[in-house]
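Please read the points below beside the sequence and the model. They move from single side chains to the chain as a whole, and end with confidence.

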Amino acid sequence: MAFIGYVPFCLLALLSSLINFTTGVAPISEIASLNRNNFPTGFIFGTASSAYQYEGAANEGGRGPSIWDDFTHKYPDKIKDRSTGDVAVDSYHRYKEDVGIMKDMNLDAYRFSISWSRILPTSPQADDNNKLITHHHI
């Protein structure tokens with residue numbers, strides 16, 4: 001008898017999911033046809049990266065530890081997969097390959113960040129890190 005009470009609830013849930021499924025997502029064909037012609041002339045296509053997620057090379061090039069380095073090493077259980085930025089996607093070593101991929105994608109711009117602990121490895125009063133300047137040709 002209790003099972004019969006669940007039937008209207010199940011039908012309502014099924015109907016709700018069908019409505020969301022059919023109206024909530026653009027068809028794949030519309031996404032596949034998206035290109036530069038869909039944007040105004042002069043629109044700049046680009047990408048960006050954040051130092052901690054991309055850079056890697058945590059102990060190279062004169063880089064000092066950042067607050068995120070300290071946090072992820074001291075409290076690894078606070079990070080779902082227990083990962084750190086020690087290697088990340090290793091853009092520090094692979095930046096030429098990364099730029100090549102962006103060129104192949106025909107991008108117009110790239111905004112990247114450099115870890116502050118590379119520029120000022122020990123404190124805000126430290127001298128600029130010349131290895132960083134040389135590496136990035138700044």
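1. A residue is called buried under 20% relative accessible area, exposed over 50%, and partly exposed in between, with a 1.4 Å probe and protein chains only. By that scale Phe71 counts as partly exposed because its relative accessibility is 32%. The model is predicted, so local features need pLDDT of at least 70 and side-chain atom pairs count only at pLDDT 80 or more, whereas totals for chains, interfaces and linings use all residues. Residues are numbered from 1 along each chain as its sequence is written, and side-chain values use heavy atoms, with hydrogens and water left out.

2. Helices (H or I, at least four residues) and strands (E, at least two) are DSSP runs, numbered from the N terminus. The chain has seven helices and two strands, and its elements follow the order α-α-β-α-α-α-β-α-α from the N terminus on.

3. Rings of Phe, Tyr and Trp (its six-membered ring) pair if their centres lie within 6.5 Å; planes under 30 degrees apart count as stacked, over 60 as edge-to-face and the rest as tilted.

4. By this rule the count reaches seven aromatic pairs. One of them joins Trp68 and Phe71, whose ring centres lie 5.5 Å apart with planes at 85 degrees, so the pair is edge-to-face. Tyr52, Trp68, Phe71 and Tyr75 together form one aromatic cluster. Within it, Trp68 is partly exposed, with a relative accessible area of 46%, and Tyr75 is partly exposed as well, at 34% relative accessibility.

5. Ser115 sits in the loop between β2 (109-111) and α6 (116-119). Is Ser115 buried or exposed? Its relative accessible area is 9%, and therefore Ser115 is buried. Contact means heavy atoms within 4.5 Å; leaving out residues up to four places away in sequence, Ser115 touches Ala51, Glu55 and Arg63.

6. Ile44 lies in the loop between α2 (28-32) and β1 (46-48), and with a relative accessible area of 59% Ile44 is exposed. Setting aside neighbours within four places in sequence, Ile44 is in contact with Asp108 and Ala109. The C-alpha atoms of Ile44 and Asp108 are separated by 5.9 Å, although the two residues are 64 residues apart along the chain.

7. For the chain as a whole, 19% of the 138 residues are buried. Among contacts between residues at least 6 apart in sequence, 69% join residues at least 24 apart.

8. A caution concerns pLDDT, the predictor's confidence in each residue, from 0 to 100. The mean pLDDT of the chain is 79, and 65% of its residues reach 70 or more. Over residues 8-12 pLDDT stays under 50, and the model has zero contacts there beyond four places in sequence; residues 18-22 likewise stay under 50, with zero contacts beyond four places in sequence. Where pLDDT is low, the predicted coordinates should not be read in detail.
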